[in-house]
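Here is a friendly briefing on packing and charge pairing. Please have a look at the structure first.

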Amino acid sequence: MPETAPSPPTLAQAWLAAWPAALATWSRFTRLHAPLLCATTAQAKAEGLSGSFAMIRFVDQSVVVDLQSVKKLGLENYALEILAHEIGHHVYAPANGTDHFRLLARIRRALPTLERHAPMIANLYTDLHINDRLQRQSRLRMGEVYRRLHEAIEKGGEKSRPGRLWTLYLRIYELLWKLDRGELGGVTERDATIDADAWLGSRVVRVYARDWLAGAGRFASLVLPYLVEDDEARKAMAQWHDMQNAAQGTQPQGGLDIDEDEIDGVVHPANDPRITGEEESEPVASKGDRPGPAASTRTSNAPGQCREPFEYGEILRAAGLKLDDHDIAVRYYRERALPHRIPFPSRPAPQSLEPQMEGLEPWDIGDALDTLDAMQSVMQSPRLIPGLSTVRRVYGVAPDIQRDPVPLDLDLYVDSSGSMPNPQQQTSWLTLAGTVIVLSALRAGARVQATLWSGANQFMHTDGFVRSEDAILRVLTGFYGGATAFPIHQLRDAFARRTERDRPAHILMISDDGITTMFDRDERGNSGWDVSAQALARARGGGTMVLNLFGRPDAALQRAQNEQGWVIETIKDWPDLLGFAKRFSRRHYRDVS
């Protein structure tokens, strides 16, 4: 029978076969799992890919490709180039969710009023670095890929034409790769402004190739005028956005800190001596030498060592995370509180002085006679031969057996009245202090009940004493901003059900002079003084009020201190709460005994 010719490989098989070579363009040690090659756009959309023909995901280090869109764009024969490009986002720029976060922060700062376009500009900027390396060092056909993309734009008509921003972008590539003007499909007529800006853009890519984060603000400053004047460009170029949802599902760390070069880097390339060569400048460290977020030096013009919750949330959303304001606030205060929580409690195990028998060893002539264990020797052999059948007991000292210590539970009440900041918009020192104490208490093994309160019927609380970090932080990051009326019934009911068999608990109030409303009468007519005294008696762990007061505690607070035993600590400024939180955590949870 005549042999049948083998069927040609499918598009998916051909692209999968190119994957090892794509990995090798970066390093023979590069390891990523096989790409997700979706046969249809509908399948790609189910994977989270929309608006482009390829994308990356940091959460599972994936590359996703829409093969249907690849065919539509005429890119079937560029598997190596496109896959190598997507791998470059994983291993070079931005490489991880945290650096992606820091990249967006720099670009947003350089795009006043147009911050919403930071993800697209970040994508274009990292593409420049990746493609330049692949074209020059790996000899891949990146220029031809962009020529195809430009042809697709031309076929789309006037509505899809990106205009001057796209022309600038292609011209940067032409200068990087020493191509003639218009060779990649851009405008062939000379435009002095675009030519000058393209030269600056190409210099940014080359000068900051080893420290691409440092050049991000400069590139964004360069393209800002083009974004302002060309709305159609923003819409058309968004279709090449392969990092649109890259960080979705990740937990980026280190994004709270404002790095020094984030602020200093907002400069037009024409004013950067390293770009223009007008004067000598210090060498820029490589990316590997760049200090991490915790070690970054801050400048005096920084708005503080940390971002505000609103800006933090906007950057998270720009990175592709689908979170509401409350979820963002939980992440913000957890990350900001982590460096301040107590270390894991440790206690030395004392040695018992009671000798413990550990075993037997031979007894020989010359050993003390009173150490001979005659009974064990006879049991081993009726004939006692020193050194052979005679034994003695060996004793040692064993560690004392101790019961695990029981930490104090925590009953926390945080004021959320109109005089307090909204923790979802700006830094709330009450929320931050509460988070530090809660994380420390949970680490020590305690359970926490958290209550957020404002006016009448404005309160939320956890379902009793719990160990769920998320449940507690969602309470602390809420906000009312109403009147001031302490929820006396919550304090009353929290301890009405506790007995001697329950752990001792410490009651902690964080507020200002509005805390005195806890001594009013509750809805049943009970005196708040009686409720407070009963709660302290049943808690059996004491109570503390940390209050923002401008003068001495008033008569009501002095009575609470003298008659009921409340510990009252006053602060003059809200940031002082952080110091209190660390002292309180060390005192109650670091050395649990």
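Buried means under 20% relative accessible area, exposed over 50%, and partly exposed in between (1.4 Å probe, protein chains only). This is a predicted model, where local features need pLDDT of at least 70, side-chain atom pairs count only at pLDDT 80 or more, and totals for chains, interfaces and linings use all residues. Residues are numbered from 1 along each chain as its sequence is written, and side-chain values use heavy atoms, with hydrogens and water left out.

**Salt bridges**

- The structure holds 37 salt bridges, each a side-chain nitrogen of Lys or Arg within 4 Å of a carboxyl oxygen of Asp or Glu.
- Aspartate 470 pairs with arginine 334 in a salt bridge whose closest N and O atoms are 2.3 Å apart.
- This pair links distant parts of the chain, 136 residues apart: aspartate 470 sits in helix 19 (residues 469-476) and arginine 334 in helix 16 (residues 325-337). Helices (H or I, at least four residues) are DSSP runs, numbered from the N terminus.
- Aspartate 470 is partly exposed at 43% relative accessible area, whereas arginine 334 is buried at 19%.
- Glutamate 523 and arginine 524 also form a salt bridge, with closest N and O atoms 3.9 Å apart; glutamate 523 is exposed at 55%, and arginine 524 is exposed at 59%.
- Shared partners join Asp99, Arg102, Arg106, Asp259 and Asp261 into one salt-bridge network.

**Cysteines**

- Zero disulfides (pairs of cysteine sulfur atoms within 2.5 Å) turn up in the whole structure.
- Cysteine 38 is buried at 6% relative accessibility, and cysteine 306 is buried at 15%.

Key:
Helices (H or I, at least four residues) and strands (E, at least two) are DSSP runs, numbered from the N terminus.
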